[in-house]
Amino acid sequence: MFERTVLVTGGSRGIGRACAVGLASHGWNVVIAYREAEAEAAATVDAVRADGGYASAYQVDVASEEEVRSLFRAIRAEQPRLEAVVSNAGITNDGLVAMMSLHTWENVIRTNLTSAFLIARESLKAMRHGGGSVVFMSSVSGLRGQPGQANYSASKGGLNALTRTLAREAAAQNIRVNAVAPGFTRTDMIRKVPKDVCDQMQSLIPLGRFARPEEVAAAVRFLVGPDSSYITGQVLTVDGGLSA
């Protein structure tokens, strides 16, 4: 068993799966948290183990305070030391503000932002003696706003502010806090978008294509690893030049 452990929330598919598999291939024990996609989480664990790595998975609602606390208790019992956390869980539920229900607003904020606070709070406790790295999964929507995504953009903008605040609070404990802000990425979210809309979105990207999940995961791997040891409080944009 390797000596260092990383928790990846939303690790059952998409960017989360790419992060889990990529980190495991670079010598990390991987703990995956997922909410509903049990089969996909099991497939991620199998992919890591097939490559000779270590992985385990826990079903957790990361917006539940008690379930997050239970998750970290389980990790402490399973692993000697948690060194990194990738807070990746998130959802979208789009609509114009004038027609958006309070439930739709609150559900996205709760899942994307409140969950990050809960994960961060327990992460800082777990790492306070040995240091470590926390990486939030933000979005370019949190940097520039996106029509029809007021709830999503607000949640990701809040993540960026949380990143900078926690970086200052946690530095004395040698805990680094950063965020990755992907642009359009080939995940399940994109696959549900009509082709003509995808073509229009792609035409806005200077590099002319959507990101692969593995390209976003590479940025995450950099931020949790030793090569970024003097980087904290940053939002690293991975968007093919969209926000340039």
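Is Gly 27 buried or exposed? Gly 27 is buried, with a relative accessible area of 18%, where buried means under 20% relative accessible area, exposed over 50% and partly exposed in between, with a 1.4 Å probe and protein chains only.

## Basis of the description

This is a predicted model, in which local features need pLDDT of at least 70 and side-chain atom pairs count only at pLDDT 80 or more, while totals for chains, interfaces and linings use all residues. Residues are numbered from 1 along each chain as its sequence is written, and side-chain values use heavy atoms, with hydrogens and water left out.

Helices (H or I, at least four residues) and strands (E, at least two) are DSSP runs numbered from the N terminus. Contact, or touching, means heavy atoms within 4.5 Å.

## Helix α1 and its two partners

Two packed helices are described by the angle between their axes and the distance between the axes. Here axes are lines fitted to C-alpha atoms, for helices over the stretch in contact, and angles run from 0 to 180 degrees between N-to-C directions. The axes of helix α1 (residues 14–25) and helix α9 (residues 213–224) cross at roughly 55 degrees and come within 8 Å. That makes α1 oblique to α9, since angles under 35 degrees count as roughly parallel, over 145 as roughly antiparallel, 65 to 115 as roughly perpendicular and the rest as oblique. The crossing of α1 past α9 is right-handed, a term used if the near helix is turned clockwise from the far one by less than a right angle, with anticlockwise being left-handed. On the α1 side the contact is made by Gly 14, Ile 15, Ala 18, Cys 19, Gly 22 and Leu 23, and on the α9 side by Pro 213, Glu 214, Val 216, Ala 217, Val 220, Arg 221 and Val 224. By class, these residues of the contact of α1 with α9 are nine nonpolar, two polar and two charged; Ala, Val, Leu, Ile, Met, Phe, Trp, Tyr, Cys and Pro count as nonpolar, Asp, Glu, Lys and Arg as charged, and the others, Gly among them, as polar.

Helix α2 (residues 38–50) also packs with α1, the axes coming within 9 Å and crossing at roughly 20 degrees. The helices α1 and α2 are therefore roughly parallel to each other, and their crossing is right-handed. In this contact Arg 17, Ala 20, Val 21 and Ala 24 of α1 meet Glu 40, Ala 43, Thr 44, Ala 47 and Val 48 of α2, which gives the contact of α1 with α2 six nonpolar, one polar and two charged residues.

## Helices α3 and α4

The axes of α3 and α4 lie 10 Å apart, and the two helices pack at an angle of about 30 degrees. That makes α3 roughly parallel to α4, and α3 passes α4 in a right-handed crossing. From α3, Glu 65, Val 68, Arg 69 and Phe 72 meet Leu 118, Ile 119, Arg 121, Glu 122, Ser 123 and Ala 126 of α4. The residues of the contact of α3 with α4 divide into five nonpolar, one polar and four charged.

## The nonpolar cores

In soluble globular proteins, nonpolar side chains tend to be buried together. A nonpolar core is here a set of buried Ala, Val, Leu, Ile, Met, Phe, Trp, Tyr and Cys residues joined through side-chain atoms within 4.5 Å. The largest nonpolar core has 30 residues, of which Leu 7, Phe 136 and Val 177 touch the most other members. Elements that give two or more residues to this core include β2 (29–34), β4 (82–87), β5 (132–137) and β6 (175–182), as well as α3 (65–78), α4 (102–127) and α6 (150–170). The most is given by α4, with six residues.

Not counting residues up to four places away in sequence, Val 177 touches Val 134, Phe 136, Thr 163, Leu 166, Ala 167, Ala 170, Thr 232, Gly 233 and Gln 234. A second, separate core of 27 residues includes Val 6, Ile 32, Val 135 and Val 216.

## Individual residues

Gly 27 lies in the loop between α1 and β2, and its C-alpha is 8.5 Å in space from that of Glu 3, 24 residues apart in sequence. In strand β2 itself stands Asn 29, which is buried, with a relative accessible area of 0%.

Asn 174, in the loop between α6 and β6, counts as exposed at 56% relative accessibility. The phi of Asn 174 is near 60 degrees, a positive value in a residue other than glycine. Most residues other than glycine have a negative phi.
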